[in-house]
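My notes follow the order in which I checked them.

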Amino acid sequence: MTKCCQNQARYISGLFTYRIKFSVMINHWLGKLLDVMDRNNLWDDTLLIMTTDHGFLLGEHKLTGKNIMHTYNEIAHPLLMIHLPGTDPDSNRISAITQKHRLDADDPWLF
């Protein structure tokens with residue numbers, strides 16, 4: 001393996017390690033938020049929206065990063081989950097394309 005390839009492998013490994021640690025932290029704090037909602041019986045009157053802005057390539061398609069064209073599924077299909085009080089969470093999975101450009105906490109339509 002050439003020095004260039006070794007440096008690239010170390011770089012990708014570092015990115016992957018960082019992303020794993022970041023994901024563990026997000027899961028930890030999301031779990032704490034969901035526990036608070038459970039403890040305080042907030043599911044019946046609280047709208048919860050979980051989303052991300054984009055995905056991130058960690059070596060898939062021989063690329064790293066997030067602003068890669070052609071837009072691969074790993075980048076173009078970010079998470080969007082919505083808990084709407086009064087609905088059955090087990091029967092409302094939607095596979096349609098969504099747009100999140102209006103999901104801003106300052107938008108009055110959200111409240």
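These entries cover an aromatic pair, a pocket, a loop residue and a histidine.

**Entry 1: the model**

I am working from a predicted model, not an experimental one.

**Entry 2: aromatic pair**

I began with the rings. How many aromatic pairs does a search of the whole structure find? It finds 1. The partners are Tyr 18 and Phe 22, with ring centres 5.9 Å apart. Their planes stand at 20 degrees, so I logged the pair as stacked. The cut-off behind that call is planes under 30 degrees apart.

Next I looked at where the two residues sit. Both belong to helix α1, which covers residues 3–39. They are 4 residues apart, so about one helical turn separates them.

I also checked the exposure of Phe 22. Its relative accessible area is 33%, which makes Phe 22 partly exposed. Partly exposed runs between the 20% limit for buried and the 50% limit for exposed.

**Entry 3: second largest pocket**

Phe 22 came up again here. It is one of the residues nearest the centre of the second largest pocket, along with Ser 23, Ile 26, Thr 52 and His 54. The lining has 18 residues in total. Which elements give two or more residues to that lining? They are α1 and β1, the latter spanning 48–51. The largest share is from α1, with 8 residues.

I noted the volume as about 470 Å³. By residue class, the lining divides into 10 nonpolar, 6 polar and 2 charged.

**Entry 4: Asn 41**

I then turned to the loop between α1 and β1, where Asn 41 lies. Asn 41 has a positive phi of about 50 degrees, although it is not a glycine. Is Asn 41 buried or exposed? I have it as exposed, with a relative accessible area of 63%.

**Entry 5: His 83**

My last stop was strand β4, residues 80–83, which holds His 83. The relative accessibility of His 83 is 17%, so it counts as buried. The limit for buried is under 20%.

What does the side chain of His 83 meet? A polar atom of that side chain lies 2.9 Å from the backbone oxygen of Trp 43. I then listed the contacts of His 83, leaving aside neighbours within four places in sequence. Trp 43 is on that list, together with Thr 46, Leu 47 and Leu 48.

Methods. Residues are numbered from 1 along each chain as its sequence is written. This is a predicted model: local features need pLDDT of at least 70, side-chain atom pairs count only at pLDDT 80 or more; totals for chains, interfaces and linings use all residues. Side-chain values use heavy atoms; hydrogens and water are left out. Rings of Phe, Tyr and Trp (its six-membered ring) pair if their centres lie within 6.5 Å; planes under 30 degrees apart count as stacked, over 60 as edge-to-face and the rest as tilted. Buried means under 20% relative accessible area, exposed over 50%, partly exposed in between (1.4 Å probe, protein chains only). On a 1 Å grid over the protein atoms alone, a cavity is a set of points where a 1.4 Å probe fits but cannot get out, and a pocket is an open set with protein on both sides within 12 Å along at least five of seven lines; lining residues have an atom within 4 Å of a point. Grid points are joined across faces, edges and corners, and a volume is the space filled by probe spheres set on the points. Ala, Val, Leu, Ile, Met, Phe, Trp, Tyr, Cys and Pro count as nonpolar, Asp, Glu, Lys and Arg as charged, and the others, Gly among them, as polar. A polar contact is a pair of N or O atoms within 3.5 Å; within protein, one must be able to donate a hydrogen and the other to accept it, and residues adjacent in sequence count only if both atoms are side-chain atoms. Contact means heavy atoms within 4.5 Å.
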